[in-house]
Amino acid sequence: MDSNKKTIIVFSGDLDKAMASLIIANGAAAMGNEVTMFFTFWGLNILRRPEKVRARKTFLEALFGWMMPRGAGKLGLSKMNFGGMGAYMMKIIMKQKNVSTIHELLESARDLGVRLIACTMSMDVMGLKEEELIDGLEYAGVATYLGAADEAGVNLFI
Amino acid sequence: MAEKFINCRGLQCPGPIVRLFKEAQTCAAGDIMEIEATDLGFKKDIAAWCKKTKNELLSLEEENGVIKARIKKVDQS
């Protein structure tokens, strides 16, 4: 176990939870830690490109893609979302209070060398293709995450 | 030995420590970093950051909601 390593499983695609996981990741990296974030299930939506990407999909995959938020800018809150109104209000308040946006946090995490891993099994289940996700990701499965978690002093599931 | 001033007023968590970490990477051992922040949590955070990154917290004070810290970059080898 290495107290200098941290791993985070990002399971949720809620704005608040995504923010929390990215703030922790940025903070840990700024403490000199090696941070690995493993994005799985709804967490993958954080990594979607905001623009529509043409990809060959089955009917169900296409339907999934249409139903899920397209990128970090479209995420809703886990509580108090009210069809997007809560998330909209939250973004205004965060801007007033000079909290970094989710895009800035994602950019900063990458800048600080945080490993961003997309779970390929979840991608397959949800019909998400590599070309639909942002650049600079690693594509791997549970063994890669477990390998990193084994060496880490802290492991979070968000 | 150089002195560096880092203005993090108005930045929210984790802004100040991320800035400080980046600035510290460009410093040499013995350099002094003076940082100002208005994020309330920074007062505790800076002590934790120094302990974890093995840098020396020379002073820490708060005045009118502004937290000022002086940090000496320690040779990490």
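Where does P14(B) lie? Select P14(B): P14(B) sits in the loop between strand 1 and helix 1 of chain B. Helices (H or I, at least four residues) and strands (E, at least two) are DSSP runs, numbered from the N terminus. The peptide bond between C13(B) and P14(B) is cis, with omega about 0°. Most peptide bonds are trans.

Before moving on, some ground rules. This is a predicted model, in which local features need pLDDT of at least 70 and side-chain atom pairs count only at pLDDT 80 or more, while totals for chains, interfaces and linings use all residues. Residues are numbered from 1 along each chain as its sequence is written, chains are lettered from A and ligands numbered from 1 in the order in which they are written, and side-chain values use heavy atoms, with hydrogens and water left out.

**The sheet of chain B**

Next, select the four strands of chain B. They form an open sheet in the order 1-2-4-3, with mixed pairing. Strand 1 (3–8) and strand 3 (56–63) are the edge strands, each pairing on one side only. Neighbouring strands are turned by 15° against each other on average, direction ignored. Two strands count as paired if DSSP finds at least two bridges between them.

Go through the pairs in turn:

- Strand 1 and strand 2 (residues 32–37) of chain B are parallel, with six bridges; here I6(B) stands opposite I35(B).
- Strand 2 and strand 4 of chain B run antiparallel and are joined by six bridges; E34(B) stands opposite R70(B).
- Strand 3 and strand 4 of chain B also run antiparallel, joined by seven bridges; E61(B) has K68(B) as its bridge partner.

Now select N64(B). In the hairpin of strand 3 and strand 4 of chain B, which has two residues between the strands, N64(B) takes a positive phi near 50°.

**Helix 1 of chain B**

Select residues 15–25 of chain B. This is helix 1, which lies across strand 1, strand 2 and strand 4 (66–72) of chain B and runs at about 155° to strand 1. Axes are lines fitted to C-alpha atoms, for helices over the stretch in contact, and angles run from 0 to 180 degrees between N-to-C directions. Contact means heavy atoms within 4.5 Å.

**Where the chains meet**

Show both chains. The contact takes 17 residues from chain A and 13 residues from chain B. About 1100 Å² is buried between them, and carbon and sulfur atoms give 64% of that area. A30(A), M31(A) and N98(A) supply 43% of the area that chain A buries against chain B, more than any other three residues. Buried area is the accessible area (1.4 Å probe) that two parts lose on being put together, summed over both.

Which residue forms a salt bridge with K22(B)? Select D111(A): its closest N and O atoms to K22(B) are 2.8 Å apart. A salt bridge is a side-chain nitrogen of Lys or Arg within 4 Å of a carboxyl oxygen of Asp or Glu. The rule finds one salt bridge across this interface.

**A last stop in chain A**

Finally, select F41(A), in the loop between strand 2 (34–39) and helix 2 (59–67) of chain A. F41(A) has a positive phi of about 40° although it is not a glycine.
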